Amino acid sequence: MRLTEGSQGARILAFGGYQPANVLTNEDLAATVDTSDEWIRSRVGIESRRLASPDETVTDMAVAAGGKALAASGLSAADIDLVIVATCTPEVMIPNTAAGVATRLGITAPGAYDLNAACAGFCYALGTASDAVRAGSAQNVLVIGAEKLSQWVDWTDRSTCIIFADGAGAAVVSPVTEPDDAPGVGPVVWGSDGNMADKIYIADRNSFIHQEGQAVFRWATTALHPVALRACERAGVEPASLAAFVPHQANLRIVEAIARKLGAPQARVADDIVHAGNTSSASIPLALARMIERGEIASGDAVLLLGFGAGISYAAQVIKVP
Amino acid sequence: MAMTEQEIQTGLGEIIDEVAGVPADEVTPDKSFVDDLDIDSLSMVEIAVAAQDKFGVEIPDDELKNLKTVQDVIDYVRRAEVSA
């Protein structure tokens, strides 16, 4: 038996993001549950979020974001040989989302699997995509985070209906080409804590998302910055040299609390949640796609990603902006 | 080693300045977190965590809701230190 050659490292060629058209504002929510624009902005940071229409599926959104990333990458569908969809809200368990996404994008016979690590999903998927490219298991990987959380939300529960939203983000991951090119995706640092499984969960197929906000807040603002710093250390990147910090957009207060502990005051801190809500595994690639579009981060910049959520599961890595 | 009330108050002032942006010299014992210092329950959690690092005293979520003023926190820390 022998192994494949693989490559020196992986890099991201492009990002693409998709938000559904339906806007749900804080005022809309205040009309149906006991909350207010002021309360939502100060506790969570959201001004508006997007919801998929009733017949718009996770696959639809994944295809939209994936198609954009593919188009921006300069590759064609024929170049993609692995599709990974990070999602915890697929419409059905069988078949997976990835195979259908591949077919709709005209990608023929790639490896295809869904990955459920909740809000850490994109970072997990990116880590596995990078590993596949390095090992030679794949040449060019389409990595997508896509969620329709709105179908699992209790719209009468003001603690969750103000937070969760829908959307998708994607990245194309390819090998570095020159022998001396530095990698564009750093080593992933990942972990979990099953003892906290009861902090964010859906009880069964007919239930809604339940979250113990206070406990999650306390955990996230204490346990995660060491993970983020370890990802910098393993990548050989000084926090003080980061251009941006893009954590899962769970809650702006959590984002800011973790950012304060990084020793990276110069880093731009992603606040995409303000106009996107919490889109679980879509939040990081969606934020990155929009930050690049707006010119807030530039090609070659070092950016720290940190996903975390239900499980509890978490993963972080440093990337270079394409 | 037990800290004095003043030491705890000073330490707390530093924490509150860092977490909530309230200048440390405004953190006097009589002040109420919600009414006077405009600090909400999420910031209280951050303050509790920072207090644990600084004073070695754990303040669980269900105790936190009883701590309404700066003096309440100072008293809590002192009581915990004495019984440690």
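This is a predicted model: local features need pLDDT of at least 70, side-chain atom pairs count only at pLDDT 80 or more; totals for chains, interfaces and linings use all residues.

Me: Where in chain A does Ser280(A) lie?

Reply: Look in the loop between S12 and helix H8 (283-293) of chain A. While you are there, check the backbone: Ser280(A) is not a glycine, yet its phi is positive, about 50 degrees.

Me: Which value does phi of Ala118(A) take?

Reply: Phi of Ala118(A) is near 45 degrees, again a positive value in a residue other than glycine. You will find Ala118(A) in the loop between strand S5 (111-115) and H5 of chain A. Ala118(A) has 24 C-beta neighbours inside 10 Å, so this residue counts as buried.

Me: What about omega? Where should I look for cis peptide bonds?

Reply: Start with the bond from Ile94(A) to Pro95(A), which is cis with omega near 0 degrees. Pro95(A) sits in the loop between strand S4 (82-86) and helix H4 (97-104) of chain A. Another cis bond joins Gly311(A) to Ile312(A), with omega about -10 degrees. Ile312(A) belongs to the loop between strand S13 (302-309) and strand S14 (313-320) of chain A.

Me: Now a loop residue and its surroundings, please. Is Ile162(A) buried or exposed?

Reply: Ile162(A) counts as buried, because it has 24 C-beta neighbours inside 10 Å. This residue lies in the loop between S6 and S7 of chain A. Leaving out residues up to four places away in sequence, Ile162(A) touches Leu29(A), Thr35(A), Ile40(A), Val44(A) and Ile46(A). Compare sequence with space as well: Ile162(A) and Asn278(A) are 116 residues apart in sequence, while their C-alpha atoms are 9.2 Å apart.

Me: How many residues take part where chain B meets chain A?

Reply: Six residues of chain B are in contact with nine residues of chain A. On the chain B side, H2(B) gives the most, with four residues. That side has three nonpolar, no polar and three charged residues.

Me: And how should I describe two helices packing within chain B?

Reply: Take the angle, the axis distance and the handedness. Helix H1 (residues 5-20) and helix H4 (residues 70-83) of chain B pack at about 120 degrees, with axes 10 Å apart. These two helices, H1(B) and H4(B), are therefore oblique to each other, and the crossing is right-handed. From H1(B), Glu5(B), Ile8(B), Gln9(B) and Leu12(B) meet Val70(B), Val73(B), Ile74(B), Val77(B) and Arg78(B) of H4(B). By class, the contact residues are six nonpolar, one polar and two charged.

Me: Finally, what is the domain assignment of chain A?

Reply: The assignment gives domain 1 (10-175) and domain 2 (189-320). Their C-alpha centres lie 15 Å apart, and the contact takes 46 residues from domain 1 of chain A and 42 residues from domain 2 of chain A.

Definitions and conventions:
Residues are numbered from 1 along each chain as its sequence is written. Chains are lettered from A and ligands numbered from 1 in the order in which they are written. Axes are lines fitted to C-alpha atoms, for helices over the stretch in contact, and angles run from 0 to 180 degrees between N-to-C directions. Angles under 35 degrees count as roughly parallel, over 145 as roughly antiparallel, 65 to 115 as roughly perpendicular and the rest as oblique. A crossing is left-handed if the near helix is turned anticlockwise from the far one by less than a right angle, and right-handed if clockwise. Two residues are in contact if their C-beta atoms, placed from the backbone, lie within 7 Å. Ala, Val, Leu, Ile, Met, Phe, Trp, Tyr, Cys and Pro count as nonpolar, Asp, Glu, Lys and Arg as charged, and the others, Gly among them, as polar. Domain bounds come from an automatic or database domain assignment. A residue is buried if 20 or more other C-beta atoms lie within 10 Å of its own, exposed if 12 or fewer, and partly exposed in between; C-beta atoms are placed from the backbone.
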